[in-house]
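Subject: The structure I promised you

Hi,

Here is the structure I said I would pass on. Have it open while you read, and my notes on what turned up in it follow below.

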Amino acid sequence: SKAHAALVASPGMGHLIPMLELGKRLLTHHSFHVTIFIVTTDTATTTSHILQQTSNLNIVLVPPIDVSHKLPPNPPLAARIMLTMIDSIPFLRSSILSTNLPPPSALIVDMFGLAAFPIARDLGMLIYVYFATSAWFSAVTVYVPAMDKKMIESHAENHEPLVILGCEAVRFDDTLEPFLSPIGEMYQGYLTAAKEIVTADGILM
């Protein structure tokens with residue numbers, strides 16, 4: 001029987017479109033059953049695009065989730081997306097369990113979908129994280145848990161290059177926002193996510 005992959009697209013066209021393209025490749029080139037769970041805050045902005053881009057993909061629209069009441073005024077976009085993804089977990093779990101297709105053997109998420117890892121582990125699914133960004137960003141993210149703390153501090157304070165094994169060093173002018181303040185909340189969140197990512201069974205690029 002065909003393998004079945006469950007893909008989870010976090011809110012925003014920049015996350016949805018790469019997941020749709022990955023789903024089509026798994027279907028066309030590897031003969032997978034593919035189910036794409038689309039997490040959104042507004043179905044109207046995604047429905048027309050989905051209808052144009054999908055054919056044999058099994059699309060599941062997660063009911064729109066409003067987390068405004070759980071956030072402070074003017075929250076960072078990333079915080080809104082993360083909370084929306086967390087609140088989507090009960091629906092994702094019940095939908096995966098009730099699928100009419102063979103149970104998914106693999107779960108594929110982007111960087112905002114890490115909250116779904118426990119579902120995959122509970123159900124015996126392989127876990128993959130899909131990076132639709134540059135290889136450089138992927139390398140930095142995967143390597144950051146092993147980075148020397150003093151090097152990170154020196155990068156932020158003295159603007160020294162950030163050394164990445166196997167890659168060109170990251171100049172301070174090109175650095176990621178979390179590295180501007182290694183003791184800040186954004187860096188700690190990024191580090192926590194990176195530590196979770198490296199526990200996955202694989203990374204797709």
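Let's begin with His159, which counts as partly exposed because its relative accessible area is 46%, between the 20% cut-off for buried and the 50% cut-off for exposed. You'll find His159 in the loop between α6 (149–158) and α7 (185–197). Its phi is near 60°, a positive value in a residue other than glycine. Keep in mind that this is a predicted model.

Ser31 is another one to look at. It isn't a glycine, yet its phi is positive, at about 55°.

Leu20 brings us to Phe131. These two are 111 residues apart along the chain, and their C-alpha atoms are separated by 13 Å. Phe131 lies in the loop between β5 (126–130) and α5 (135–143). Is Phe131 buried or exposed? At 4% relative accessibility it counts as buried, since the cut-off for buried is under 20%. What does Phe131 touch, once its neighbours within four places in sequence are left aside? Its contacts are Met111, Phe137, Ser138, Thr141, Ile197, Ile203, Leu204 and Met205.

Together with Val142, Val198 and Met205, Ile203 makes a nonpolar surface patch of about 330 Å².

Next, the salt bridges. How many does the structure hold? There are five, and here are some of them.

- Asp87 and Lys70 meet through their side chains, at 2.8 Å from N to O. The pair links distant parts of the chain: Asp87 is in helix α3 (residues 77–97), while Lys70 is in the loop between β3 (58–61) and α3, 17 residues apart. Asp87 is partly exposed at 26% relative accessible area, and Lys70 is partly exposed at 45%.
- Arg93 forms a salt bridge with Asp122, and their closest N and O atoms are 3.0 Å apart. This pair also links distant parts of the chain, with Arg93 in helix α3 and Asp122 in helix α4 (residues 117–122), 29 residues apart. Arg93 is partly exposed, with a relative accessible area of 28%, whereas Asp122 counts as exposed at 54%.
- Asp174 pairs with Arg171, with 3.0 Å between the closest N and O atoms. Asp174 is partly exposed at 40%, and Arg171 counts as partly exposed at 49%.

Finally, step back and look at the whole chain. Its secondary structure comes to seven helices and six strands.

How does the overall size fit a compact globule? For 205 residues, such a globule would have a radius of gyration near 17 Å, and the chain has 18 Å, which agrees. Along its principal axes, the C-alpha trace spans about 55 × 40 × 35 Å. Buried residues make up 43% of the 205 residues. Among contacts with a separation of 6 or more, 62% are between residues 24 or more positions apart. The chain exposes about 10900 Å², and carbon and sulfur atoms supply 57% of that.

Cheers

Methods:
Residues numbered from 1 in each chain as written. Predicted model: local features only at pLDDT ≥ 70, side-chain atom pairs only at ≥ 80, totals over all residues. Heavy atoms only, no water. Patch = residues over 30% accessible without salt bridge, like charges linked within 9 Å, V, L, I, M, F, W, Y side chains within 5 Å. Areas by Shrake-Rupley, 256 points an atom, 1.4 Å probe, with all protein chains shown as cover. Salt bridge = Lys/Arg side-chain N within 4 Å of Asp/Glu carboxyl O. Helix = DSSP H or I, 4+ residues; strand = E, 2+ residues; numbered from the N terminus. Rg over C-alpha atoms; globule rule 2.2 N^0.38 Å. Buried < 20%, exposed > 50% of the residue type's maximum accessible area, 1.4 Å probe, protein only. Contact = heavy atoms within 4.5 Å.
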